[in-house]
Amino acid sequence: MNSFILFVNTIIGDIMSNSKPLWSTTASIGASEKLLKDIECDVLVIGGGIAGVLTAYFLNQNKVDTVLVEASSVCSGQTANTTAKITSQHGACYQKIEKAHSTDVAKTYADKSEKAIDEYDRLIFDNRIDCDFERLPSFLYSLKSTDIINKEFEFTRRCSINAELCRKTLLPFDVKLALRYQNQAQFNPYPFIDKLCSYISIFENTRVLRVEDNIAYCEQAKIKAKKIVFATHYPIVNFPGMYFARMHQSRSYVSVFKDVPKLSAMYYCADKGGLSFRSYKNMMLLSGCSHRCGENPPYSQPYEFLLDKAREFYPDAKLCYNFSAQDCMTPDHLPYAGYYSKSNKNWFVLTGFSKWGMTDSMICAQLVCDMIVKNNNVLEKVLSPSRFNLSCVKPILNEVGHAVKGLSKTAFYIPKDSVADIARGCAKIVVYGGKRCGVYRSEEGKLYAVSIRCPHLGCSLNFNSAEKTWDCPCHGSRFSYTGELIDSPSQISLKRYE
């Protein structure tokens with residue numbers, strides 16, 4: 001038994017030691033200074049992921065005085081964790097969009113998604129960026145049903161997307177049916193973003209603590225701007241907008257392997273719990289195990305599951321990296337981009353990209369830029385954050401229910417465990433020192449106690465054993481076991497207890 005436990009701990013240790021994003025190991029992005037004095041500009045972009053960088057770049061190209069601020073470093077957030085696929089194939093999305101909105105809306109979004117791929121191609125060519133950009137097919141496949149694939153195919157025929165049905169793929173298993181989208185793309189986002197940043201005025205390590213009217217207050221300075229763009233992945237201001245009632249965050253996991261065959265296409269599974277594949281040079285990115293942030297993943301150790309699957313498909317596969325992504329999910333399957341709220345036409349937002357951040361970042365950045373410089377854009381009403389339709393009612397009530405549940409747990413849940421019950425490498429919610437808190441015991445036996453009340457809106461946090469983090473099931477804020485803030489919408493870390 002002891003030898004078995006040692007073996008399991010060794011495997012988990014190997015997996016965790018490889019826990020870092022792939023892209024940050026391939027290229028670096030030039031550093032920028034921290035903002036230390038008050039400034040003014042025409043447009044302030046908050047957030048240094050690809051959505052914020054693209055928005056600032058397009059505004060700069062339109063001769064708009066623009067400043068971008070990032071709480072940490074450019075690409076340190078969700079962009080670092082992307083699988084970097086640029087596609088119009090967004091899972092089985094169009095049949096859902098058509099049902100929630102209309103055929104015309106779905107067609108318009110599909111057309112803009114196709115044009116987003118071309119725009120990346122143009123920017124990369126014009127700026128001579130070496131970022132491993134390549135055009136190749138993208139497959140939507142199913143192991144269980146042909147119906148969902150056939151319905152998506154019917155839509156592609158109606159809106160002239162270049163796609164075809166097939167039953168043979170390069171995957172190491174048979175599929176029921178697949179839909180092949182032609183002329184899609186994949187790339188390495190780091191060199192691309194590094195080049196665009198050379199055109200932008202950027203301040204890193206400059207966290208925006210609050211925004212009032214046209215002034216953003218940072219830790220050591222403030223910024224006065226005529227327009228403010230929130231490109232922070234999850235909007236950091238609760239009112240107006242109330243995005244916390246209209247989105248949730250979903251986590252998924254990615255493992256990178258070498259010594260596997262190179263795929264000449266990208267693959268995404270339409271089935272619940274399915275796997276996605278793409279190659280990068282001599283490596284393969286295998287991703288899956290999606291779940292709502294703050295709730296249990298479908299497998300208790302997602303990285304172990306991906307490792308087992310990789311070795312099942314490719315016996316010689318060797319693990320290189322592990323990382324995870326977090327995506328904002330909207331109730332009607334379209335992103336939010338445009339005015340932050342009806343009441344404020346000087347604030348703009350880009351969010352809700354689901355699992356298609358590269359494509360939607362381009363679409364939404366172009367839209368927000370067009371709105372600021374007064375260009376017409378057919379998506380202004382389609383992606384308006386103020387839109388509403390009856391299909392959203394049930395999902396919004398579901399989000400409210402999660403918030404009520406999280407707040408109730410904060411108020412009424414009485415922990416039954418004690419510190420003595422916590423094994424090494426594990427965490428529990430306990431009453432410790434007279435306070436209800438989350439306690440993690442390290443492999444060395446050291447205890448770390450933090451508040452389990454999310455600073456965002458007060459929901460009770462849950463422990464993610466796969467990544468050793470405290471996650472919020474209501475709105476997706478995440479914290480390390482020592483309490484440091486990892487992901488928004490919270491803007492501060494957890495309170496720590498001795």
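This is a predicted model: local features need pLDDT of at least 70, side-chain atom pairs count only at pLDDT 80 or more; totals for chains, interfaces and linings use all residues.
Start by selecting Pro240, which is found in the loop between β10 (222–230) and β11 (248–258), where strands are DSSP runs of E with at least two residues, helices are runs of H or I with at least four, and both are numbered from the N terminus.

Residues are numbered from 1 along each chain as its sequence is written, and side-chain values use heavy atoms, with hydrogens and water left out.

Then select Ala84, a residue other than glycine with a positive phi, near 60°, in the loop between β2 (66–69) and β3 (85–86). Ala84 has 0% relative accessibility and therefore counts as buried (buried means under 20% relative accessible area, exposed over 50%, and partly exposed in between, with a 1.4 Å probe and protein chains only). Asp213, in the loop between β8 (208–212) and β9 (215–218), also has a positive phi, near 55°, but Asp213 counts as exposed at 64% relative accessibility.

Finally, show helix α3 (residues 93–100) together with helix α5 (residues 147–158), which pack at an angle of about 70° with their axes 8 Å apart (axes are lines fitted to C-alpha atoms, for helices over the stretch in contact, and angles run from 0 to 180 degrees between N-to-C directions).
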